[in-house]
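Work through these exercises with the model open beside you. Try each task before you read its solution.

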Amino acid sequence: MNSASTHFVPSRRMGIYEPIHQLPMWGDFKGNNLLDTSSPMMLEIEAKLDNQSEDTSHGTVGPSNKYDQEASKPDDKVLRRLAQNREAARKSRLRKKAYVQQLENCKLRLIQLEEELRRARQQGLHVGGIDTSQLGYSGSINPGIATFEMEYGHWVEEQNRQISDLRNALHSDIGDMELRIFVEGGIRHYLDLFTMKATAASADVFYIMSGLWKTPAERFFLWIGGFRPSELLKVLLPHLEPLSEQQRLDVCNLTQSCQQAEDALSQGMEKLQHILAETIATAQLGERNYLTQIRGAIDKLDALVRFVVQADHLRQETLQQISRILTTRQAARGLLALGEYMKRLRALSSCWSSRPREQP
Amino acid sequence: MEKIVKLASENGILIMSKSSCCLCYAVQMLFQDLGVHPLIYEIDHDPEEKEIEKALVRMGCSGPVPAVFIGGKLVGSTNEVMSLHLSGSLIPLITPYQALSNVK
């Protein structure tokens, strides 16, 4: 209809880059491209119709005849002018109608998009019952991250269920074989989380590195996108007692190995930060053309994904190693203690965010 | 690949690395922390870099770097090294090389 190019509406709020088709600009509707009105026949037909209506009101003017120009030239001109005016007015009304229609369509589309946005946000709202409005992930919607936030919500719900089941199981007369099933299920649940995180890291590594899906108190303990395995072992140790001498030695060695592995990864991360800073600051700061530096930095960010995956692998190995050292019952107690510890951190975040503010 | 095999057999602990690879640096730091000094071979300074990469992948190294060889045998990449260390199996492997400073 018109030759206007498709307008992309980069909404900062929505971050959805979509051609809201032919967002109408009034300027597009001006000019004669709406209807083909260059045909002389249109004007003649209009003129005839107008003359007939004028017949009834004035009863004097006969049909305009283009061969009868000498006598009625001024009248013809006037009539032609009137017809053209009417035609222009008609075209204008049609253009306005089309413009308003397009606006209405865009409005409907906007409402639809906002609804989708609201729903997507709401998916991430129920994360273990914690108010996530403080999570602050207000960037553009990344489908990979939206999926992760939704899945994490379910993961926490399942986690709470498992903790509850584990507590009941430990207080009952349940045998070791049955308890083993709970333990293996518990460990597998953590492995599921690491799988989810790996996918999300590919979607947005900064999101994972910043621990944005976690509550504030959990984030305080963040190390490369998750908990620090050696710290975890220290938290669990009192709950594993009584331990045999061999077990105590094994746990001690495991803690030390963990710490060494963590230190190595931390040093690698520091080097990555250093290289990234260097890449961005190459040439001179203040130079306007820094796109090369930025592009070079993007490649380095891929390395960050490897680190996140490696850190999760360390967490996974720690969980698997500790479960090998412990008896089934000890492992069950350990998992329960771990789950309750995380739950308390989440509760701390919740209390902290809803505490009454001091009046000045 | 001959070059890799030769390097691995001549050096007790070998890490095939790239100068820009920070994960390689992390593995190097771990070994240093454990009291050994592996040979770090930076393949990006080798004209045959691409061939070496392909060879390492063929040998089963997913990185392809870091690729860790101990006693001439491929141990693996970061995953394998970390798993070995946490299970307590890495130290026995490197003990023969702890007192030496990477001499043949």
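**Exercise 1. Find the buried residues of H3(B), and say how they are arranged around its axis.**

Step 1. List them. Glu49(B), Ile52(B), Glu53(B), Ala55(B) and Leu56(B) are the buried residues of H3(B). Buried means under 20% relative accessible area, exposed over 50%, partly exposed in between (1.4 Å probe, protein chains only).

Step 2. Look down the axis. The arc is that of the directions from the helix axis to the C-beta atoms.

Step 3. Recall the helix geometry. An α-helix has 3.6 residues a turn, so residues three or four places apart point the same way.

Step 4. Turn to the other face. Lys50(B), Lys54(B) and Arg58(B) are exposed on the face of H3(B) turned away from its buried side.

Step 5. Identify the cover. H1, E1, E2 and E3 of chain B are among the elements that cover the buried residues of H3(B). Contact means heavy atoms within 4.5 Å.

A note on conventions. This is a predicted model, in which local features need pLDDT of at least 70 and side-chain atom pairs pLDDT 80 or more, while totals for chains, interfaces and linings use all residues. Residues are numbered from 1 along each chain as its sequence is written, chains are lettered from A and ligands numbered from 1 in the order in which they are written, and side-chain values use heavy atoms, with hydrogens and water left out.

**Exercise 2. Repeat the analysis for H1(B): which residues are buried, and what covers them?**

Step 1. Place the helix. H1 (residues 2-10) of chain B lies across E1, E2 and E3 (67-70) of that chain, at about 140 degrees to E1(B). Axes are lines fitted to C-alpha atoms, for helices over the stretch in contact, and angles run from 0 to 180 degrees between N-to-C directions.

Step 2. Sort the residues. Ile4(B), Leu7(B) and Ala8(B) are buried in H1(B). The buried residues fall within an arc of 100 degrees, so they line one face of H1(B). Glu2(B), Lys6(B) and Ser9(B) are exposed on the face turned away from that buried side.

Step 3. Name the cover. For the buried residues of H1(B), it includes E1, E2, H3 (49-59) and E3 of chain B.

**Exercise 3. Give the strand order of the sheet in chain B, and explain why E2 and E4 are its edges.**

Step 1. Write the order. The 4 strands form an open sheet, E2-E1-E3-E4, with mixed pairing. Strands pair if DSSP finds at least two bridges between them. Helices (H or I, at least four residues) and strands (E, at least two) are DSSP runs, numbered from the N terminus.

Step 2. Find the edges. E2 (39-42) and E4 (73-76) of chain B each have a single partner strand, so one side of each is left without a neighbour in the sheet. From one strand to the next, the twist averages 30 degrees.

Step 3. Check the pairings. E1 (residues 13-17) and E2 of chain B run parallel, joined by 4 bridges. Ser17(B) has Glu42(B) as its bridge partner in E2(B). E3(B) and E4(B) run antiparallel, joined by 3 bridges. Phe69(B) stands opposite Leu74(B) in E4(B).

Step 4. Inspect the turn. E3(B) and E4(B) form a hairpin with 2 residues between them. Gly71(B), in the turn, has a positive phi of about 60 degrees.
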